[in-house]
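Please look at the sequence and the structure shown below before reading on. The report after them takes up two spans in one chain, then the contact between the chains, and then the other chain.

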Amino acid sequence: MTRETLTNTALALALLAVPLWAWAADEPFIITMATKVAILALAGVGLNIALGLGGLVSLGHAAFFGIGGYAMGILASHAQTYAPLTEWPLLIEGTKSMPVIWLVAVAFSALAALLIGALSLRTSGVYFIMITLAFGQMLYYFAISWPAYGGEDGLSIYLRNSFPGLNTLDPIQFFALAYALLCAGLWLAARLAASPFGLALNAARQAPARVETVGMVPYRLRLTAFVISGAVTGLAGALFADLNRFVSPSMFSWQTSGEIMVFLILGGTARLFGPVAGAAAFIILEQVLGGLSEYWHVYLGLLLLAVVLYAPGGLIGALAGRERRHD
Amino acid sequence: MTTILLIEQILNGLQFGVMLFLTAAGLTLVFGVMGLINLAHGSLFMIGAFAAAAVAGATGSFLLASAASIAAAAAAGAVVEIAVIRRLYGRDHLDQVLATFALILIFSEGTRWLFGSSPLFLDVPSWLSGPVTLPGGILYPLYRLVLIAVGLVIAAGLFLLISRTRLGVRIRAGEADREMIAALGVDISKLYTVVFALGAALAGLAGALVGAIQSVQVGMGEPVLILAFVVIVIGGIGSIKGALVGAILVGLTDTLGGVLLPELFRLFMDNAAATATGSALATMLIYILMAVVLILRPTGLYGERA
């Protein structure tokens, strides 16, 4: 077992142990925090597939996070009012069923990632960063000016959606769902990285010309990665909306994209458990520093700056040592 | 839709565009010369506005306030360049994005700390307030006309600075080959500090000038930053001319879209639906414009071919 595997296992167990302890000690707030960590980490796992593996610095992943959130909000609000989404040509009703909502969230965020990626991947470098940012902003303003689903005020859902056999209103049971999905996301990311596709994508990041020489098309590899990445982040968005029982345009804002990226850098880019460590650190900092000072963002900023300037490997890098250099 | 309203909107668009140019010029200069993405540029815009509001509050002089905005933003820019940005030139874009994102957090919360959360107000000075009558009987606020004029004068000055002066030659040389001009004895790190402070000063001035028509508050820099990025990406990163064309294009698209799109939809929709659809689409219009430009020309209108 390498030091990184050891660190990862410890992190996975800690994220499980803390809410279990909180459950025993009857501390629902801590369970909710752990759920938030798991969900935000899943969003980070999604971005990590594009950014860590594919080298695609997307500053617009809030687009997919928000689409997932709105998939939940729209379906659940229709179920809440018993108003069908459409009646013609097909009767589509709202739903409160999580698995259905997840599927819709994944499908729509994947579709959006396909469209956005197909256009954005024509550019590269700083232009790619900016065009993804622009698409995120487009959706942000669209959500703000779309009065049917709350516009600027967002949408509240009074009861959390349901999952067969579970009581999702019980914090620990909802945590179990989020944790299971995070594990599935991590498993997918690990499998992808080790697969022939992942290796080709990694190669396309480091030496696109050579990848082309052997007959593969970097554009297609990157687009596939971008779609998978968007879908995972969309799923996290649906869960996040369910956690808060609320969606608003702020899920689409570029600060959200920035924060998801902060999880990666804080935890360690391109490291499997980077987003988990990063999201956990972020939430803990928010709680601890937020308790100390109203202006905790100053300290967060200073810390982030220190990590970027002096500890490029992030938390996982600090715990598990530098990665073997590939490039 | 009357002609007068249309002309007013075009002037508004021009004014918005010119102010965007002041903000975008620094961003594109810093990217062109140093290859650095600076997300904290909007914070420098905010610092300019706050410095101006504070000085105007204390002295009552708008000119002093404008000077203070330039000085404060340039000083903040120089300090940030020396303390942080300098270490990021050799890093990849991801590190630059994150470090400057961190700077936004620090600047925004720091400003909230100093000035509190409630917005400040910076008034248009009395000698610049009130409308003027333009040919054709159009009444237009004098202050906005002055903004257009000031912006265009600064744009012209910047072109002269870059194309005619020794500093401009060095800036352009730094863009082309930084090792070579360092070898020729130019103090490149001082040059970078100067360019960064110059960009910051322009953003700070824009913040003060715009601050008189909006409220001055924490977070006011971020929307402007995003727009400035849209501008330089449309224009082609590193090109001052591109920034000017892009800024005016974005300014006009944004202002005219808000007026014309609902009108357009009214041709084949009922009134309420047309207003809703038209204004929803109008808020997205500049991002659509940017996407279209990048799809057609992946390096922007005046960008160098990749």
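This is a predicted model: local features need pLDDT of at least 70, side-chain atom pairs count only at pLDDT 80 or more; totals for chains, interfaces and linings use all residues.

Residues are numbered from 1 along each chain as its sequence is written, chains are lettered from A and ligands numbered from 1 in the order in which they are written, and side-chain values use heavy atoms, with hydrogens and water left out.

| Span of chain A | Distance between end C-alpha atoms | Helix and strand |
|---|---|---|
| Residues 221–240 | 29 Å | 100% helix, 0% strand |

Helices (H or I, at least four residues) and strands (E, at least two) are DSSP runs, numbered from the N terminus. An unreviewed UniProt entry gives the feature "transmembrane region" to several stretches of chain A, including residues 100–119 and 221–240; such annotations may be inferred rather than shown by experiment.

Where the chains meet, 41 residues of chain A are in contact (heavy atoms within 4.5 Å) with 42 residues of chain B. The buried area, that is, the accessible area (1.4 Å probe) that the two parts lose on being put together, summed over both, is about 3,900 Å², and carbon and sulfur atoms give 82% of it. A:Y127, A:W254 and A:Y295 supply 18% of the area that chain A buries against chain B, more than any other three residues.

Between chain A and chain B there are zero salt bridges, a salt bridge being a side-chain nitrogen of Lys or Arg within 4 Å of a carboxyl oxygen of Asp or Glu. On the side of chain A that touches chain B, α5 (125–144), α10 (254–267) and α12 (296–310) each supply at least two residues, and α5(A) gives the most, with 13 residues.

Chain B contains eleven helices and two strands, which follow the pattern α-α-α-α-β-β-α-α-α-α-α-α-α along the sequence. Its C-alpha trace spans about 65 × 50 × 35 Å along its principal axes. Within chain B, B:N12 lies in helix α1 (residues 3–34), and the C-alpha atoms of B:N12 and B:Y140, which are 128 residues apart along the chain, are separated by 9.5 Å. Leaving aside neighbours within four places in sequence, B:N12 is in contact with B:Y140, B:R144 and B:T255.
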